[in-house]
Amino acid sequence: MDSLYVLVVVGAVAAGFVQGLSGFGFGLVAMSFWAWTIDPRLAAAMTVFGGLTGQLLAAFTVRRGFSWSNLLPFVTGGLVGIPVGVMLLPHLDPVIFKACIGGLLAVWCPMMLFATRLPRITAGGKVADGVVGAMGGVMGGIGGFTGVIPTLWCTLRGFDRDVQRSVIQNFNLSMLVVTMAGYLYTGVVTRDMLPLFAIILPAMLLPTLLGARLYVGISDVTFRRVVLGLLTLSGVALLVSSVPKLLA
């Protein structure tokens, strides 16, 4: 088998399992395999396709904790934030942006991970949730990081694992639908990408379902550790990709 196809399969398997277990993280894991050797435009389209497919699978297999009242403020804010991020993109240095976000995650998330008692934010209500959703949308428009801030916020809110997973899973699903629609409309997704999409789909199917199955049996504490661990890795990955460019 061609080395490209092997790389695509391995990335899809690993990313699908992580997304099934945590409700997010497909792009983080997949890009750790794909970003080094696959054209960025193709890798971005593959990541959005895989993430969207995984979220659809997860939405049908893990539906505990779903509540429109919890989800709508995040989605409404995210839909407002995406075009803002797209408009800001030409005026920002993406390398500095990645370094700042990566530094925040790489420092703050391990502190939360090892803290015996996390701070809990109760102020702001649905308005604050909407603002956080908008921040996720802006970050998605700038660099595709829609779920980072909302995931961190839900952890600080003290949501139990089912509510947190439902919010992040369906928030990311909504944002990925919008992103994929934009990719199709602007021609980012092309006909020659379809064979790779056809490889990603079966490769991630069973790992995603296995991760979702394992999620049902883990505790709130274990889920919190998985989420904060993934956010920490996301921060480190952003630093690794941005700091050498800043130093150069």
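Three aromatic pairs are present in the structure, a pair being counted when the ring centres of Phe, Tyr or Trp (its six-membered ring) lie within 6.5 Å, with planes under 30 degrees apart classed as stacked, over 60 as edge-to-face and the rest as tilted. One of these pairs joins phenylalanine 26 and tryptophan 34, which is edge-to-face because the ring centres are 6.2 Å apart and the planes stand at 65°. Phenylalanine 26 is buried at a relative accessible area of 2%, and tryptophan 34 is likewise buried at 0%; here buried denotes under 20% relative accessible area, exposed over 50%, and partly exposed the range in between (1.4 Å probe, protein chains only).

The model is a predicted one, in which local features need pLDDT of at least 70 and side-chain atom pairs count only at pLDDT 80 or more, whereas totals for chains, interfaces and linings use all residues. Residues are numbered from 1 along each chain as its sequence is written, and side-chain values use heavy atoms, with hydrogens and water left out.

Among the aromatic pairs is also that of phenylalanine 223 with tyrosine 215. With centres 5.5 Å apart and planes at 70°, the two rings are therefore edge-to-face. Tyrosine 215 has a relative accessibility of 0% and is buried, and phenylalanine 223, at 2%, is buried as well. Two arginines are placed over the ring of tyrosine 215. Arginine 161 lies over the ring face at 4.8 Å from the centre, and the charged end of arginine 165 is found over the ring at 4.4 Å from its centre. A charge is assigned to such a position if NZ of Lys or CZ of Arg is within 6 Å of the ring centre and within 35 degrees of the ring normal.

Side chains of opposite charge can pair when their charged atoms come close. The structure contains 2 salt bridges, defined by a side-chain nitrogen of Lys or Arg within 4 Å of a carboxyl oxygen of Asp or Glu. In one of them, arginine 157 is paired with aspartate 129, and the closest N and O atoms are 3.1 Å apart. Since arginine 157 belongs to helix α7 (residues 148-157) and aspartate 129 to helix α6 (residues 125-143), the pair ties together parts that are 28 residues apart in sequence. Both arginine 157 and aspartate 129 are buried. Helices (H or I, at least four residues) and strands (E, at least two) are taken as DSSP runs and numbered from the N terminus.

Arginine 161, already noted over the face of tyrosine 215, also forms a salt bridge with aspartate 220, where the closest N and O atoms are 3.4 Å apart. Aspartate 220 is in helix α10 (residues 220-247) and arginine 161 in helix α8 (residues 161-186), so this contact ties together parts that are 59 residues apart in sequence. Arginine 161 is buried at 11% relative accessibility, whereas aspartate 220 is partly exposed at 42%.

A nonpolar surface patch of about 420 Å² is formed by Val80, Val84, Met87, Leu88 and Leu92. Patches consist of residues with over 30% relative accessible area and no salt bridge, like charges being joined within 9 Å and nonpolar side chains (Val, Leu, Ile, Met, Phe, Trp, Tyr) within 5 Å. Accessible areas come from the Shrake-Rupley method with a 1.4 Å probe, and for residues only the protein chains shown count as cover. Leucine 88 is part of helix α4 (residues 68-88) and is partly exposed, at a relative accessible area of 35%.

According to an unreviewed UniProt entry, the annotation "transmembrane region" covers several spans, including residues 7-36 and 193-215; positions follow the numbering used here, feature names are shortened, and annotations may be inferred rather than shown by experiment. Residues 7-36 are 83% helix and 0% strand, and the end C-alpha atoms are 11 Å apart. For residues 193-215, the content is 96% helix and 0% strand, with the end C-alpha atoms 32 Å apart.

Glycine 20, in helix α1 (residues 3-22), is buried at 0% relative accessibility. Glycine 158 occupies the loop between α7 and α8 and is partly exposed, with a relative accessible area of 33%. Aspartate 192 is located in the loop between α8 and α9 (194-216) and is exposed at 60% relative accessibility. The C-alpha atoms of aspartate 192 and leucine 214 are separated by 35 Å, the two residues being 22 residues apart along the chain.
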